[in-house]
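Work through the exercises below with the sequence and the 3D structure at hand. Each task is followed by its solution.

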Amino acid sequence: MKKIMSICVLSGLLSGLSPASMTAATLSGEAIFNRNCSVCHSIAPPPKAAPPIMPLSNRYHLKFQTKKEGVNHMVAYLKAPSKAKAVDPQAITRFGLMPPLRLPDAELRAVAEWVWDQYNPNMGTGRGMGQGMGRRW
Ligand code: HEC
């Protein structure tokens with residue numbers, strides 16, 4: 001009886017609490033954003049120290065045909081920002097170049113996918129920001 005009890009406790013620990021179960025699929029892009037990006041990026045205008053995410057996402061959707069291409073470009077940018085790669089070089093003139101982010105690839109990918117999904121065609125691409133603001137956002 002004692003033995004059965006301890007097996008139950010052990011298997012409960014293994015199945016419920018193992019950090020190995022935190023695979024890439026369970027990483028929340030939004031949580032990563034809140035922890036690592038939101039100091040500089042707001043989601044919608046007005047901007048903090050960087051362009052807001054929705055207009056950035058809109059630019060990515062204009063420039064890239066597929067989520068895969070957009071996410072690949074974004075991950076490369078987050079690791080090593082440069083004017084040549086920027087979807088919005090004018091943002092660098094206004095805010096300065098983004099610093100490179102030292103996050104694991106899986107986290108960069110999860111957050112880039114989340115940014116891609118923040119696309120909101122009512123919002124425009126960041127300048128002349130009057131339009132669209134009276135709507136839901
Ligand atoms: C220290 C401030 C800072 C932090 C932290 C930061 N960014 Fe940025 N980011 C900027 C600035 C400034 C720009 C605009 C200039 C540029 O493009 O380099 C920018 C630009 C971008 C762009 C546009 C890139 C392009 O292709 O033109 C994306 C996408 C982006 N950030 C996503 C993120 C994500 C996702 C995170 C968190 C994982 C993050 N940023 C964290 C400051 C920051």
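**Exercise 1: an enclosed helix**

Determine how far helix H3 (residues 53-63) is enclosed by the rest of the structure.

Solution. Eight of the eleven residues of H3 are buried, so this helix is largely enclosed by the rest of the structure. Buried means that 20 or more other C-beta atoms, placed from the backbone, lie within 10 Å of the residue's own. Helices are DSSP runs (H or I, at least four residues), numbered from the N terminus. The model is predicted: local features need pLDDT of at least 70, side-chain atom pairs count only at pLDDT 80 or more, and totals for chains, interfaces and linings use all residues. Residues are numbered from 1 along each chain as its sequence is written.

Next, list the buried residues of H3: Ile 53, Met 54, Pro 55, Leu 56, Ser 57, Asn 58, Arg 59 and Tyr 60. They pack against H4 and H6, with contact meaning C-beta atoms, placed from the backbone, within 7 Å.

**Exercise 2: a helix pair**

Describe how helix H4 (residues 67-79) packs with helix H6 (residues 105-117).

Solution. Take the angle, about 125°, and the separation of the axes, 9 Å. Axes are lines fitted to C-alpha atoms, for helices over the stretch in contact, and angles run from 0 to 180 degrees between N-to-C directions.

Then identify the contact: H4 contributes residues including Gly 70, Met 74 and Leu 78, and H6 residues including Leu 108, Ala 112 and Trp 116.

Methods
Helices (H or I, at least four residues) and strands (E, at least two) are DSSP runs, numbered from the N terminus. Two residues are in contact if their C-beta atoms, placed from the backbone, lie within 7 Å. A residue is buried if 20 or more other C-beta atoms lie within 10 Å of its own, exposed if 12 or fewer, and partly exposed in between; C-beta atoms are placed from the backbone.
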